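Please look over the sequence and the structure shown here before reading on.

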Amino acid sequence: MLVEAQEGAGNCCVSVQVGGLAPVSPPQDSRAGQLSFCTKVCYGIGGMPNQVASSATAFYLQLFLLDVAQIPAAQVSLVLFGGKVSGAAADPVAGFFINRSSRTGSGRLMPWVLGCTPFIAVAYFLLWFLPPFSSLRGLWYTAFYCVFQALATSLQVPYAALTMRLTPCPRERDSATAYRMTMEMAGTLLGAAVHGLLVSGAHRPHPCEDAAPPGPQTRVRDSADATRLYSIAAAVVAMMYPVCSGLLCLGVKERPDSSAPASGQGLSFLAGLGLTVRHPPYLKLVISFLFISAAIQVEQSYLVLFCTHASRLHDHVQGVVLTILVSAVLSTPLWEWVLQRFGKKTSAFGICVMVPFAILLAAVPTAPVAYVVAFVSGLSIAVSLLLPWSMLPDVVDDFQLQHQHSPGLETIFYSSYVFFTKLSGAGALGISTLSLEFAGYEAGACKQAEQVVVTLKVLIGAVPTCMILTGLCILMAGPAPKVPSQDPSRRLSLQRRTSYSLA
């Protein structure tokens, strides 16, 4: 099949030629495929709630479970591991059922987004709710974090795939994707800022009395007040789901899928997965970013705990978190330019920029050092998120050159990559949180034991350093995949990337 995209000033058309048949083109309407500014904005708004919620949980959920819910660190490890595994498992499952669902009056993807919205809003609120019983709190948070992660994936998969159903014009799809990524970046900032500001009063330090007998003392100034603040923050974020999904439904119209009889439908998911995981460039990319993405998640999750319990940076937690996110957002265009100018392997070294600074923070935990580390960490986080989605299309094109008899596997590449990276994050967070239990972490204690302080320093310094360097060594080994410069499959791969980049 030969696919040619013709774009002129003011019009977009796609001509498809099968075998030796003449190309079939849609009517040449000057406005065909054009998306209005309102449509692009509404589409971008639809992705904000998941990013707001993900940002809030990434930075504050562990602190909430340990200091407000006061459940043991071993149970917190189970909560984080179970939730991440649930989200990873839901990715291929959601794709399987969505691909087999029938089209309705509002489309095939939009009903999934709207159907998940009320349930995910309730699950998110209950994730931050403090139940009246204390003996089964670990089970409560494990159940609702698993439900939330599964529903978030079930909402994100159809929303991301909606990119291909907005318009047949590649230029307009790229523009809509730019709006989407801008709104999602804004959502990431909003999640950390709003949630952090609302709950900041729940973790103000108070001096420990030396004369007090040893044992756990509450670090939360007022337990009821802390619970109320977290519930308010959860309600604010939960309300964004119906509001943003409603705007998405009102402002975006899903087009019928013109490529329903796509090639490769006869190949099962497991058979396609078997082909992809045996492709050496893909295997190298996945293994390398298993280490790198897990390192970034560990750094994000334990930075707040480190500032709270292992240093005197309680008043700077919100500022440090915002510095990381602002640095990551603002540096993304710069890294995109570096990728184009110097190549992807060269850009990968930007990930290790944070390594010496993270070690410096563990050794010298002062406010100026913390802000410098936060800024540099944001730079590394930006390139670590951008690079794999830039390299995956090259891997897919290389695979298609070697397996021309097996087309239509792009979605398996992307969904399996998301699955593996989520699974690695689950293992890293679960094991690292379990290490706090072994170190003797006391939930709600005024001052943690020296072993806990050392463990937190290792978790934000040595652990990410070793994982990042291991991932980079794997990534740099061997030649880069061969990619044809002017191949139609290149455009198809890039279109698939925009659909699955944040799923």
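The model is predicted, so to speak of local features requires pLDDT of at least 70, side-chain atom pairs count only at pLDDT 80 or more, and totals for chains, interfaces and linings use all residues. Residues are numbered from 1 along each chain as its sequence is written, and side-chain values use heavy atoms, with hydrogens and water left out.

**Overall make-up**

- The chain contains 17 helices and 2 strands; these are DSSP runs numbered from the N terminus, with helices (H or I) of at least four residues and strands (E) of at least two.
- Of its 503 residues, 52% count as buried, where buried means under 20% relative accessible area, exposed over 50% and partly exposed in between, with a 1.4 Å probe and protein chains only.
- Among contacts (heavy atoms within 4.5 Å) between residues at least 6 apart in sequence, 81% join residues at least 24 apart.

**Helices α10 and α13**

- Helix α10 (residues 317-342) packs with helix α13 (residues 367-402) at an angle of about 45 degrees, and their axes are 7 Å apart; axes are lines fitted to C-alpha atoms, for helices over the stretch in contact, and angles run from 0 to 180 degrees between N-to-C directions.
- That angle makes α10 oblique to α13, given that under 35 degrees counts as roughly parallel, over 145 as roughly antiparallel, 65 to 115 as roughly perpendicular and the rest as oblique.
- Residues of α10 including Gly319, Trp335 and Leu339 meet residues of α13 including Ala370, Phe375 and Ser390.
- The residues of this contact of α10 with α13 divide into 15 nonpolar, 7 polar and 1 charged; Ala, Val, Leu, Ile, Met, Phe, Trp, Tyr, Cys and Pro count as nonpolar, Asp, Glu, Lys and Arg as charged, and the others, Gly among them, as polar.

**Helices α2 and α10**

- Helix α2 (residues 48-68) and α10 pack at an angle of about 135 degrees, with axes 12 Å apart, and they are therefore oblique to each other.
- Here too the crossing, of α2 past α10, is right-handed.
- From α2, Ser55, Phe59 and Tyr60 meet Val317, Gln318, Val321 and Leu325 of α10.
- By class, this contact of α2 with α10 has 5 nonpolar, 2 polar and no charged residues.

**The nonpolar core**

- The largest nonpolar core has 130 residues, of which Tyr124, Trp128, Phe148, Phe289, Tyr302 and Leu436 touch the most other members.
- The largest share of this core, 18 residues, comes from α13.
- A nonpolar core is a set of buried Ala, Val, Leu, Ile, Met, Phe, Trp, Tyr and Cys residues joined through side-chain atoms within 4.5 Å.
- Not counting residues up to four places away in sequence, Phe289 touches residues including Ile351, Leu387 and Tyr417.

**Single residues**

- Ser231 is in helix α7 (residues 223-251) and counts as buried at 16% relative accessibility.
- Leaving aside neighbours within four places in sequence, Ser231 is in contact with Phe125 and Trp128.
- Val355 lies in helix α12 (residues 354-363) and, at 9% relative accessibility, counts as buried.
- Gln70 has a positive phi of about 55 degrees although it is not a glycine, and it is found in the loop between α2 and α3 (73-99).

Terms used:
Left-handed = near helix turned anticlockwise from the far one by under 90°.
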